[in-house]
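Morning, everyone. Please take a look at the screen, and I'll walk you through a few spots.

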Amino acid sequence: MDDIARRRPRARREPHPRRRSWCCSFSVPPTSPDHIRVSQPKPVQKFETVSKSANSFPNSPQSVRSGLGLVGRIDPRRILSPGRVSPIDSDPAGDSVHDILADPSPVRDTGVRSASFRAPLENFRPPPEGSASSSSLNVVKESDNGAGVFDVRLNLKGKNGGSLVLELNSEVLSANSSVFADLISDYRKGRSGSAAKLCRIEVPEVEHLGVFRETIELMFEEDITKRLLKAGVYRSIDILEVSAGIMFTKGVLSCLKYLEAVPWSEEEEEKLRSLLARFKFDDATTKDILARLYPLDSGGDGQGNLARQLVWSITSCVDMNARNELKSLVKGLLCKSSVYEKDDSSDLNKEDIYTACQSCLDSLVTLFEEATNGCEGWERKEKDKPLIERISRQVDNINWLLEILVDRQIADEFVQMWGSQGELLRMHENTSPMVRYELSRVSATLFIAVGTRKMHCRSEARLGLMQAWFGPMLTDFGWLQRCKKGLDMKALEEAMGQALLTLPLKDQYTLFMEWFRCFSKHGTECPNLSKAFQIWWRRSFLRGSESHAIESR
């Protein structure tokens with residue numbers, strides 16, 4: 001009964017009202033089974049502070065074989081929750097060198113690529129005595145047998161903020177870099193005891209902390225080329241720049257050897273070319289790379305004839321698909337608007353193009369002579385190619401060369417050359433329409449170039465072109481409409497009218513009347529030059545307001 005009496009008040013006890021004073025504040029909530037999750041102590045995060053000691057320093061994991069202790073970036077203060085700020089992290093005081101280096105995964109820099117730091121001698125300086133960076137450094141760590149001493153603290157200051165501290169061995173650093181050897185020697189002059197043991201060097205204005213760190217790491221690597229293979233070409237060029245700045249000879253030679261053996265992208269090539277222009281390397285070291293960037297032997301005669309050899313190879317090419325592909329390639333290289341820089345040694349001169357044009361015209365005359373011998377002449381095959389296909393190939397070659405001449409503004413002589421082809425004009429009248437229209441394809445290219453203001457030539461040359469090839473164009477226009485081969489017929493009609501209007505009015509009269517008679521008989525088989533005809537009529541017979549009314553239609 002006594003037990004029942006003791007338990008009964010507990011069963012009837014009303015629960016206390018829940019306190020709400022802490023709900024909207026940051027004070028510690030009361031201990032209660034209802035608040036287990038809140039009241040439990042927060043677990044330590046992965047990078048949280050375990051203990052603080054003046055003799056510890058935040059180290060990033062490194063490979064034990066490298067013998068390099070790497071101190072990570074000095075991280076900013078992290079906010080863990082509203083109103084609570086954690087102190088700057090530090091490593092446990094009890095960490096040994098092997099504990100710190102247990103994880104071999106390297107720290108990778110995730111910053112944006114930028115130009116590497118050039119390390120002139122004057123940019124390296126020891127931090128002043130008593131400075132914050134000097135007092136924050138921990139004591140020298142060394143193993144029991146005295147090996148693996150980290151007696152150099154290299155403090156890298158980023159140009160855009162950030163900091164990186166490296167713990168290094170002075171013997172390795174001095175043996176690989178004459179710049180650091182002089183700095184370490186200068187630092188230890190006049191110092192004794194523990195002050196002479198630990199050498200503190202600061203590198204200000206480092207543009208890329210990650211590249212500088214990787215360059216220093218290579219001093220402790222047995223196989224530098226293997227590391228460069230993982231880094232890639234772009235990163236290796238950055239490492240080459242830093243190695244040259246700190247006079248890391250082994251690193252320079254390894255980078256040059258690796259870069260010479262791998263292909264480059266255009267961006268990497270320009271970056272490497274710029275680096276080699278700013279740094280002076282000995283000829284024996286860079287001979288192989290320079291041979292890939294510049295034609296070292298410029299005394300040969302082959303470079304001057306290179307473009308001509310390409311043109312002759314294309315005009316004599318038999319395979320249609322290969323010829324079209326090569327035409328597009330070489331035209332892009334030789335045109336005036338090409339993105340590639342040109343020099344006098346490899347550029348194509350005017351005489352070379354006109355020599356190729358004359359050769360194609362001579363071949364065309366020979367083929368038309370064969371075609372005028374009879375129908376069986378152009379049906380015969382020579383070297384497994386029919387005559388009509390060989391004629392079309394020569395016309396394609398002429399038009400391709402003409403496009404290069406027009407692009408370079410040197411096509412005026414070809415206008416005279418084409419206007420004086422009396423032999424081809426004579427054979428045009430006696431050749432089958434399905435063959436002779438190929439000649440009008442050349443005339444169409446010239447008409448479009450003159451009518452669209454892409455080519456400028458003297459009035460005599462334009463008149464000779466029109467008098468010679470305007471009539472054949474009227475005859476072949478129907479065949480050109482059926483076999484366009486990439487020709488824009490609307491552009492051709494417009495350009496023919498504009499080209500006619502560049503002639504004197506009396507010459508326009510003769511040619512327009514010839515068109516009028518042809519158009520009245522054949523209709524759409526002739527080009528429609530009505531708009532240009534109206535302009536000629538206005539200019540010839542109307543004046544003042546009547547002329548303005550016709551032009552405004």
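Predicted model: local features only at pLDDT ≥ 70, side-chain atom pairs only at ≥ 80, totals over all residues.

Let's start with the cores. Which residues touch the most other members of the largest nonpolar core? They are Phe414, Trp418, Leu424, Trp469, Phe470 and Leu492. That core holds 74 residues.

Pick out Phe470. Leave aside residues up to four places away in sequence, and Phe470 touches Phe447, Leu465, Met496, Leu500, Leu511, Glu514, Trp515 and Leu529. There is another core, lying apart from the largest one. It has 47 residues, including Met219, Val233, Leu256 and Trp264. In soluble globular proteins, nonpolar side chains tend to be buried together.

Now the helices. Find α8, residues 209-218, and α10, residues 233-245. Their axes come within 9 Å and cross at roughly 75°. Angles of 65 to 115 degrees count as roughly perpendicular, so α8 is roughly perpendicular to α10.

Who meets whom? From α8 we have Gly210, Val211, Phe212, Glu214, Thr215 and Leu218. Facing them in α10 are Arg235, Asp238, Ile239, Val242 and Ser243. By class, this contact of α8 with α10 has five nonpolar, three polar and three charged residues.

Last stop, Leu290. It sits in helix α13, residues 283-293. Is Leu290 buried, partly exposed or exposed? Its relative accessible area is 21%. Buried means under 20% and exposed means over 50%, so Leu290 is partly exposed. Now look across to Glu260, 30 residues apart from Leu290 along the chain. The C-alpha atoms of Leu290 and Glu260 are separated by 9.1 Å.

Methods. Residues numbered from 1 in each chain as written. Heavy atoms only, no water. Core = buried A, V, L, I, M, F, W, Y, C linked by side-chain atoms within 4.5 Å. Buried < 20%, exposed > 50% of the residue type's maximum accessible area, 1.4 Å probe, protein only. Contact = heavy atoms within 4.5 Å. Helix = DSSP H or I, 4+ residues; strand = E, 2+ residues; numbered from the N terminus. Axes fitted to C-alpha atoms, helices over the stretch in contact; angles between N-to-C directions. Parallel < 35°, antiparallel > 145°, perpendicular 65-115°, else oblique. Nonpolar A, V, L, I, M, F, W, Y, C, P; charged D, E, K, R; others polar.
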